[in-house]
Amino acid sequence: LALFGSDEQQRQWLRPIARGEVPAAFALTEPDHGSDSVSLETTARRGSDGEWVLRGTKKWIGNGASGGVTFVWARVDDEGADDHGSVRCFLVEQSVPGYTGTVITGKGSLRGIHQAHITLDDVRLPADAVLPGTRSFRDASTVLYSTRSGVAWSALGHATACYEAALQYATQRTQFGKPLARFQMVQERLAQMLEELTGMQLYCRHLADLEASGGLRPTQASLAKYHNTRAARRIAATARDLLGGNGILLENGVIQHMADIEAIHTYEGTESVQALLIGRDITGVSAFA
Ligand SMILES: Cc1cc2nc3c(=O)[nH]c(=O)nc-3n(C[C@H](O)[C@H](O)[C@H](O)COP(=O)(O)OP(=O)(O)OC[C@H]3O[C@@H](n4cnc5c(N)ncnc54)[C@H](O)[C@@H]3O)c2cc1C
């Protein structure tokens, strides 16, 4: 909305969304198009009076069944029009007829927030529902670039909690008559966790500096996400092990962080997708398909 919305859309929605008064969702992924969301099949048909008719399905959409608004990415179906076949974004109030958001149940990760399966069954929208600044799939990618650095920070938060839990446990738990922290192998594992954690912190610090200066490149955000969610997985696994059996108890936190890291490792582009984005940038060759 801030990047591509019209003045009127921003005037009406930006503040309520930023204040959290209206929950907002970003709907790109579809049941058959995750990593290759560039091939999305949801259509936006332009009627003779200029109104839009949206049809399709979306999956994994955070806040998609919250009663707020959803920014739906769809392919324009309007033979002869300049934007025919282009991917554009539409502002959809979740209360409109034809919009159904169903909360996905049975998750073992990020259980504190919901994602929804959305069906768009001939959802009719006024002509000005399209975000005028969106002209192609490249614009959806631009949004993802800017949110990927947030995922790098999330990974750092989860990993920090795991490291702190492991360190505390190592000083308290006694085996063979000594606290775990007195064993050289335990110290080495804590040192390795801190080594990785510090690398993650430096990525985040550098990202923040680049963002503040306006110089953040998409590949740098990908590299930070790639590094930090992978490192967070390793740190969580080591912490889980250092807590022994207690590591699987929810009350000790580590197993929950470990499960949550799995979701952030996947969303905003999987590990392999980040590698392909980075690889394309450094070699000049696309290996996506
Ligand atoms: C908790 C959660 C929240 C989410 N929130 C949102 C949201 O708010 N809005 C939204 O639009 N989406 C959201 N998503 C969707 C998320 O972005 C996708 O799950 C993600 O892009 C991966 O797509 P997929 O799950 O279909 O996996 P797939 O694309 O089917 O991938 C499966 C595996 O195949 C690998 N793979 C795929 N293609 C290639 C290739 N070319 N080369 C090598 N390996 C490949 C992947 O890396 C992965 O390991 C969310 C997902 C989750 C789990």
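Because the model is predicted, local features need pLDDT of at least 70 and side-chain atom pairs count only at pLDDT 80 or more, whereas totals for chains, interfaces and linings use all residues. Residues are numbered from 1 along each chain as its sequence is written, and side-chain values use heavy atoms, with hydrogens and water left out.

The secondary structure of the protein chain comes to 6 helices and 9 strands, where helices (H or I, at least four residues) and strands (E, at least two) are DSSP runs numbered from the N terminus. Along its principal axes the C-alpha trace spans about 80 × 40 × 35 Å. Of the 289 residues in the chain, 39% are buried, a term that means under 20% relative accessible area, with exposed meaning over 50% and partly exposed in between (1.4 Å probe, protein chains only). Among the contacts with a separation of 6 or more, 71% join residues 24 or more positions apart, contact being defined as heavy atoms within 4.5 Å.

Two packed helices are described by the angle between their axes and the distance between the axes. Here the axes are lines fitted to C-alpha atoms, for helices over the stretch in contact, and the angles run from 0 to 180 degrees between N-to-C directions. The axes of helix H2 (residues 137-172) and helix H3 (residues 184-213) come within 10 Å and cross at roughly 155 degrees, so H2 and H3 are roughly antiparallel to each other (angles under 35 degrees count as roughly parallel, over 145 as roughly antiparallel, 65 to 115 as roughly perpendicular and the rest as oblique). The residues of this contact divide into 19 nonpolar, 4 polar and 2 charged, with Ala, Val, Leu, Ile, Met, Phe, Trp, Tyr, Cys and Pro counted as nonpolar, Asp, Glu, Lys and Arg as charged, and the others, Gly among them, as polar.

H2 also packs against helix H5 (residues 254-266), their axes coming within 10 Å and crossing at roughly 160 degrees, and therefore H2 and H5 too are roughly antiparallel to each other. In this pairing Val-151, Ser-154, Ala-155, His-158, Ala-161, Cys-162 and Ala-165 of H2 meet Val-254, His-257, Asp-260, Ile-261 and Ile-264 of H5, a set that divides into 8 nonpolar, 3 polar and 1 charged.

His-265 is also found in H5, and it counts as buried because its relative accessibility is 7%. The side chain of His-265 is joined to that of Thr-229 by a polar contact of 2.8 Å, that is, a pair of N or O atoms within 3.5 Å, of which, within protein, one must be able to donate a hydrogen and the other to accept it, while residues adjacent in sequence count only if both atoms are side-chain atoms. Leaving aside neighbours within four places in sequence, the contacts of His-265 include Lys-225, Arg-230 and Glu-271.

Thr-134 lies in the loop between strand E7 (115-125) and H2, and with 0% relative accessibility it counts as buried. Its side chain reaches the backbone nitrogen of Cys-89 at 3.1 Å, and beyond its neighbours within four places in sequence Thr-134 is in contact with Phe-4, Trp-73, Arg-88, Cys-89 and Asp-139.

Arg-124, finally, belongs to strand E7, where its side chain makes a polar contact of 2.7 Å with the side chain of Glu-51. The C-alpha atoms of Arg-124 and Leu-250, 126 residues apart along the chain, are separated by 45 Å.
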